[in-house]
Amino acid sequence: MSQTLIRPGSLSVLDRSQKINGTYYIQTWGCQMNEEDSEQIALCLADLGLTQAATPKQAQVVVLNTCSVRKKPEDKAFSFLGELRELKRARPDMVIGVAGCMAQIRADEIRRRNPFVDFVVGTAQVAQIQGLVEDAIQTRKFQKRLELPERKGTVVTDVPQRLLERPGKLKAFVPIQYGCDKFCSFCIVPSTRGRERSRPTAHIIEEVTKLAALGTKEVTLLGQTVNSYGKNLAEGRVPFAQLLRAVAEVPGLERIRYTSPYPRDFKRDLIDTIRDVPEVMEHCHMPLQAGDDGLLARMKRLYTLESYAEIVGHLRDAVPDIGLTTDIIVGFPGETDSEFQGTLAAMERFQFDGAYMFKYSPRPNTPAAELPQVDQKVAENRLAELIKVQTEITLQRNEAQIGKSFEVLVEGPSPKDRGSLQGYSRCFRMLHFCGDEKLQGEKVTVEAVSSHLWGLRAKIV
Ligand code: SAH
Ligand code: F3S
């Protein structure tokens, strides 16, 4: 294909057979699903001929991939747009697009507050980005593409198109399920990502096979309730455990992770698969959210503390060294001190290896946002207390690993610890160790020599 040569700082496209000569910058907030969407956006833009710029200042096309799960990332996106306003004033032919969860639910407000935005694209329309960028260059007319496929009837056909020709890399995210049907009372995701839709198994296997052929050794399968995968497929029901076993057969693939499983849908066959299939890593990130049944019920989480404990018990019986991590929310509406004490007690009881801990953030049009809120100062103090308790637990659990051996997939030099290599153990502990950079992409066995909050220092054995 021919290249359209353009002045620096400007963009033009003559016809669709021609590539655009210019650069792009993508700013991403939020979860792994967003990171993965950003990678798809980058592939779409690269396919148009654009190359990656180091900063938004140097880019002709800037895409914001936004997050709505809490207020903070939304504020960050609006303030980033404020900076872009100045850039666009200086370079009016810049193209600015907003994607992601906030784009899905606040498109009109984004445009009203930032009239210079060229397009807004929702979570299920990432594949439209190429056309949107081309149209923005040619017509300069604002566009939004927000269609969110409803799941009608019993069979899922409407899952996003994906570009599978990706550059080779050691680890990759692979979405296997879109949307969420759980409607936890605090959560915006069912509105931003729509109904639960599983990707056909054959598509997933095709993608993982391609990735493995390009050198990917580890995939993380993504879904909001990843272990409820496999409903409403044309091929019939495919249990998540069965999918894991099929992915494990892909030649060249060495490690499989997945995030995040929903406690109620954690079935015996999944525990057996973690125990029996060597490619499936012994780590489970299973959001608990709260340690009190009243709170869990008000959150509309469909399990109790005891049913969660039962899963943890089965997991640790089957796989004693399994890494367990979780998500917790404090300051949920009406959270009493004794309920919060329940959450602290649950942390002591379950001894998680790590936890993401959040202060509840009211989300528009979610049931919990309408309830009487906890005083902010109280919520902040509770969060600090929770973090303190969990930090102590993580430190102790890491310390208990000293002297143990771990299989690590070497990712390369550590950005934080110059002169060291880094990688994760099967149970998702971060390890730093000295070694030859040529080991990148290899599995090595290391022995832990010292422990830290972030993980372990080790030596190759
Ligand atoms: N189903 C997804 C959850 C997506 S949101 C998963 O299990 O990975 C990721 C985490 O953000 C949730 O587990 C929850 O702990 C937190 N979260 C979601 N909504 C929130 C809110 N309104 N305020 C604070 N934290 C929230
Ligand atoms: Fe959100 Fe609950 Fe689904 S946390 S993504 S509604 S499982």
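**Cysteines, helix pairs and loops in a predicted model**

Visitor: How many disulfides does a search of the whole structure find?
Guide: What you see is a predicted model, in which local features need pLDDT of at least 70 and side-chain atom pairs count only at pLDDT 80 or more, whereas totals for chains, interfaces and linings use all residues, and side-chain values use heavy atoms, with hydrogens and water left out. Residues are numbered from 1 along each chain as its sequence is written, while chains are lettered from A and ligands numbered from 1 in the order in which they are written. The number of disulfides found in the whole structure is zero.

Visitor: How far from C427 is the nearest cysteine sulfur?
Guide: C427 is in no disulfide. The nearest cysteine sulfur belongs to C284, and its distance is 13 Å.

Visitor: Are C180 and C427 buried or exposed?
Guide: The classes rest on relative accessible area, with buried meaning under 20%, exposed over 50% and partly exposed in between (1.4 Å probe, protein chains only). C180 has a relative accessibility of 8%, and C427 has one of 11%. Because of these values, C180 counts as buried, and C427 also counts as buried.

Visitor: Which residues does T225 contact?
Guide: T225 sits in the loop between β10 (218-222) and α7 (240-248), where helices (H or I, at least four residues) and strands (E, at least two) are DSSP runs numbered from the N terminus. It counts as buried because its relative accessibility is 2%. With contact meaning heavy atoms within 4.5 Å, and with neighbours within four places in sequence left aside, the partners of T225 are Q177, C180, K182, E196, S260 and Y262.

Visitor: Which peptide bond involving S260 is cis?
Guide: S260, which is in contact with T225, lies in the loop between β11 (255-259) and α8 (268-276). The cis peptide bond has an omega of about -10° and joins T259 and S260.

Visitor: Is α6 roughly parallel or roughly antiparallel to α7?
Guide: Axes are lines fitted to C-alpha atoms, for helices over the stretch in contact, and angles run from 0 to 180 degrees between N-to-C directions; those under 35 degrees count as roughly parallel, over 145 as roughly antiparallel, 65 to 115 as roughly perpendicular and the rest as oblique. The axes of α6 (residues 201-213) and α7 come within 10 Å and cross at roughly 30°. Therefore α6 is, relative to α7, roughly parallel.

Visitor: How many nonpolar, polar and charged residues make the contact of α6 with α7?
Guide: The contact brings together T201, I204, I205 and V208 of α6 with L243, A246 and V247 of α7. Ala, Val, Leu, Ile, Met, Phe, Trp, Tyr, Cys and Pro count as nonpolar, Asp, Glu, Lys and Arg as charged, and the others, Gly among them, as polar. By class, the contact of α6 with α7 has six nonpolar, one polar and no charged residues.

Visitor: Which residues does V208 touch?
Guide: V208 has its place in helix α6, and it counts as buried because its relative accessibility is 0%. Not counting residues up to four places away in sequence, V208 touches V174, V219, V247, V250 and L253.

Visitor: What is the handedness of the crossing of α2 and α3?
Guide: The axes of helix α2 (residues 71-90) and helix α3 (residues 101-113) come within 12 Å and cross at roughly 40°. In α2, E74, A77, F78, L81 and R85 meet M102, R106, E109, I110 and R113 of α3, so that by class the contact has five nonpolar, no polar and five charged residues. A crossing is left-handed if the near helix is turned anticlockwise from the far one by less than a right angle, and right-handed if clockwise. The crossing of α2 and α3 is right-handed.

Visitor: How far apart in space are G97 and V62?
Guide: G97 lies in strand β4 (residues 95-100) and is buried, with a relative accessible area of 0%. V62 is among the residues that G97 touches. The two are 35 residues apart in sequence, and their C-alpha to C-alpha distance in space is 6.3 Å.

Visitor: Is N365 buried or exposed?
Guide: N365 has its place in the loop between β14 (354-359) and α12 (376-399), and it has a positive phi of about 60° although it is not a glycine. Because its relative accessibility is 74%, N365 counts as exposed.

Definitions and conventions:
A disulfide is a pair of cysteine sulfur atoms within 2.5 Å.
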